[in-house]
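Keep the viewer open as you read.

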Amino acid sequence: MNWYNLVGYGIQLVIALGVTLGVYAMLRPSLRELLAEVIRLPAATVFYLRSLLLLLFLVALGETVGDKWEVAADAAFMEYVWNVAHAAGQVFKNFLWTFILYLVQITILTAVLRRRHE
Amino acid sequence: MNNEGFLIVSNFAVALLAMSFGLGAYHWLRRPFSGLVKAVPAVAFRRLLRKFFPLGLLLPALAGFVSVSYRGCDAGTYAKIIENRAYLVQKNQEQVAAIADYLAVAVLVWGVVALLVLLLARSRPEQGNHVR
C-alpha cells in the first residue's frame with residue numbers, strides 16, 4: 001500500500017468514526033429520555049446506550065478496515081473520492097441495518113414495559 | 001522483515017487485538033450489565049449470566065479472528081501465501097473486519113438477553129442501580 005492509499009484509508013477511517021460519534025450524539029438525549037422513562041432502571045439505560053455506541057463503532061470499523069484500497073498511485077483525485085464515498089456508503093448501509101435491529105429491541109421493550117407500568 | 005516473519009507477527013498481533021476488543025467490550029458494558037442483572041430474582045440465574053457475559057464477548061471476537069482463512073482460491077499452498085505481502089495485509093484487514101462484525105452480532109444478542117432479563121424481572125424501579 002503506497003502513501004496515497006494510506007492517506008485515503010486514514011481519511012476514510014476518520015470520516016467513519018466521526019459519523020459514528022455524530023450519529024450517537026444526535027440520538028443519545030432522546031434515547032436516554034425514552035429508556036429512562038420506560039425501563040426505570042438506570043443500569044439498563046446505561047447498558048443500552050453504551051451498546052448502541054459500541055455497535056455503531058464496530059460496524060464503522062468493520063466496514064472501513066475491511067475495505068480494499070486498490071487505487072493506483074497515479075489515479076485521479078476523484079478516484080480516491082469515489083473510493084472513500086463507496087466505503088462511507090457501506091458504513092451507512094450497515095448503520096441502517098443496525099438501527100433496524102436495535103429499534104426492534106427498543107420497540108419491544110417500550111411496548112411491553114409501558115403496558116406493564118400502566 | 002521477510003514475508004514469513006510478517007505473517008507470524010501480524011497474525012499474533014491481530015489475535016491480541018481480537019482479545020483486547022473482546023475484553024474492551026466486556027469492560028465497557030460490565031458495570032451496567034451487572035446492575036441490570038440485579039433485577040433478576042433468581043440468584044443462580046443472575047450468577048450464570050454474569051459468568052457467561054465475558055465469554056459471550058470474548059469468544060465471538062476470537063471466532064471472528066479465526067474465521068478468516070489464508071488459503072483462498074489464489075493461494076492454496078503456504079509458499080503461495082507468503083509470496084505476496086499485499087495479500088497478507090489484506091487478510092489482516094479481513095481479520096479485523098470479521099472481529100468487529102462478530103462482536104457487533106454478539107453485542108446485539110446481549111441486547112436481546114438484556115431485553116429478556118428486563119421482561120422476566122418486570123423492571124423493578126425500586127432497585128435503583130445507579131451506574132454512570
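A compact globule of 118 residues would come out near 13 Å in radius of gyration, but chain A has 18 Å. Keep in mind that this is a predicted model.

What is chain A built from? It has 3 helices and 0 strands, and the pattern along the sequence reads α-α-α. Of the contacts in chain A with a separation of 6 or more, 79% link residues 24 or more positions apart. As for burial, 33% of the 118 residues of chain A count as buried.

Now turn to chain B. Here you'll find 4 helices and 0 strands, following the pattern α-α-α-α. Residues 24 or more positions apart make up 88% of the chain B contacts with a separation of 6 or more. Of the 132 residues in chain B, 31% are buried.

So where do the two chains meet? The contact draws 28 residues from chain A and 34 residues from chain B. On the chain A side, H2 and H3 each supply at least two residues, and H2(A) gives the most, with 16 residues. Sorted by type, that side of chain A divides into 20 nonpolar, 4 polar and 4 charged residues.

H2(A) deserves a stop of its own. Of its 25 residues, 21 are buried, so the helix is mostly covered. Its geometry checks out too: at 1.5 Å a residue the helix should span 36 Å, and its end C-alpha atoms are 36 Å apart, which agrees.

Zoom in on A:Leu55, which is found in helix H2 of chain A. Is A:Leu55 buried or exposed? It is buried, because 24 other C-beta atoms lie within 10 Å, where the cut-off for burial is 20 or more. Leaving out residues up to four places away in sequence, A:Leu55 touches A:Thr98 and A:Tyr102 in chain A, along with B:Ala104, B:Val107 and B:Leu108 in chain B. For a sense of distance, A:Leu55 and A:Ile15 sit 40 residues apart in sequence and 17 Å apart in space, C-alpha to C-alpha.

Next, the largest nonpolar core. It has 54 residues, and B:Leu36, B:Ile99 and B:Leu103 touch the most other members. The elements giving two or more residues to this core are H1 (3–39), H2 (42–66) and H3 (77–117) of chain A, plus H1 (3–37), H2 (43–66) and H4 (85–121) of chain B. Not counting residues up to four places away in sequence, B:Leu36 touches A:Leu41, A:Ala43, A:Ala44 and A:Phe47 in chain A, and B:Ala114 and B:Val117 in chain B.

Last, the confidence scores. The predictor gives the complex an ipTM of 0.87 and a pTM of 0.88. Chain B averages a pLDDT of 88, with 89% of the residues scoring at least 70. Within chain B, confidence is highest in H1(B), at 95, and lowest in helix H3 (residues 78–81), at a mean of 84. Over residues 126–132 of chain B, pLDDT stays under 50, and the model has 16 contacts beyond four places in sequence for that stretch. Where pLDDT is low, the predicted coordinates should not be read in detail.

Note on methods: Residues are numbered from 1 along each chain as its sequence is written. Chains are lettered from A and ligands numbered from 1 in the order in which they are written. This is a predicted model: local features need pLDDT of at least 70, side-chain atom pairs count only at pLDDT 80 or more; totals for chains, interfaces and linings use all residues. A nonpolar core is a set of buried Ala, Val, Leu, Ile, Met, Phe, Trp, Tyr and Cys residues joined through C-beta atoms within 7 Å. A residue is buried if 20 or more other C-beta atoms lie within 10 Å of its own, exposed if 12 or fewer, and partly exposed in between; C-beta atoms are placed from the backbone. Two residues are in contact if their C-beta atoms, placed from the backbone, lie within 7 Å. The radius of gyration is taken over C-alpha atoms; the globule rule is 2.2 Å times the number of residues to the power 0.38. Ala, Val, Leu, Ile, Met, Phe, Trp, Tyr, Cys and Pro count as nonpolar, Asp, Glu, Lys and Arg as charged, and the others, Gly among them, as polar. The expected span of a helix is 1.5 Å times one less than its number of residues. pLDDT is the predictor's confidence in each residue, from 0 to 100.
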